[in-house]
Amino acid sequence: MTQPLAYIHPNAKIAENVVVEPFSTIYQDVEIGEGTWIGPNVTIFPGARIGKNCRIFPGAVISAIPQDLKFDGEETLTIIGDNTTIRECVTINRGTKDKFKTEVGKNCLLMAYVHIAHDCLVEDNCVIANSVQVAGHVHIGESARIGGACAIHQFVKIGKHVMISGGSLIRKDVPPFTKSAREPLSYVGVNSIGLRRNGFSDEQVNLIQDVYRYVFLKGFNTTDALSNIEQDIAATPERDEIVEFIRNAERGIIKGPL
């Protein structure tokens, strides 16, 4: 299934039913799972580990060395999960000695011109829209939705099931289950539609809304908000995830409503 005008290094490990279109280049120390389609003019550098049934569109560059002056040639990886789609001109850099890998999960969609820098983790089922720029060491939680042309500061953490408005500058951590927009980036509510689409019950959504009233709407500082949440709201996986995320937010979290 490899076109004669593509170049594949003899040491690359290519599974069955992989299609490699003309003018693509695949270097040594690359592994590609079965059923994956590599479009024309794709470059896949050493250290790439690409799963099954992925689609990689023209102009994408996977596993190039990091744009980090501290990088010293260490052997690191870029891991792409099964069923992930990488659209035109996406760039994903491999890791550094910090985490030794950059990872994009399963069932993700990275739209055209997205950049994922070194040592990032993008969990499963994420959609990252056109031209989003993700700096190094960023962690994006499961099922996040990032609007087009966002810029994400290094070391930022974005929680599960968030939705972030296009064009946002993301300098602080974004707690799970929220919607955020405006400048500076601010909480604008709970992502209730996204949560229900992902199987959350009305009871779970209502509890999440109650938790965020303490965090953003009742005038508490962060320490008092978390203390009151743990005192007043019964423990659930969602409550505990929010509390743990905020408590461990080294960069601080986004602002409340303006």
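## Aromatic pairs in a predicted model

Tyrosine 212 has 0% relative accessibility, so it counts as buried (buried means under 20% relative accessible area, exposed over 50%, partly exposed in between, with a 1.4 Å probe and protein chains only). This is a predicted model, where local features need pLDDT of at least 70, side-chain atom pairs count only at pLDDT 80 or more, and totals for chains, interfaces and linings use all residues. Residues are numbered from 1 along each chain as its sequence is written, and side-chain values use heavy atoms, leaving out hydrogens and water.

A pair of aromatic rings is described by the distance of the centres and the angle of the planes. Rings of Phe, Tyr and Trp (its six-membered ring) pair if their centres lie within 6.5 Å; planes under 30 degrees apart count as stacked, over 60 as edge-to-face and the rest as tilted. The whole structure holds 7 aromatic pairs. Two of them are set out here.

| Pair | Centre to centre | Plane angle | Type |
|---|---|---|---|
| Tryptophan 37 and phenylalanine 57 | 5.1 Å | 75° | edge-to-face |
| Tyrosine 187 and tyrosine 212 | 5.6 Å | 35° | tilted |

Where do the two tyrosines sit? Tyrosine 187 is in strand β27 (residues 186-190) and tyrosine 212 is in helix α2 (residues 202-217), so their pair ties together parts 25 residues apart in sequence. Helices (H or I, at least four residues) and strands (E, at least two) are DSSP runs, numbered from the N terminus. Tyrosine 187 is also buried, at 6% relative accessibility. Tyr187, Tyr212 and Phe216 form one aromatic cluster.

A charge sits over a ring if NZ of Lys or CZ of Arg is within 6 Å of the ring centre and within 35 degrees of the ring normal. Lysine 218 places its charged end over the ring of tyrosine 214, 4.1 Å from the centre.

Now for a threonine. Threonine 76 is found in the loop between β10 and β11 (77-80). Its relative accessibility is 5%, so threonine 76 counts as buried.
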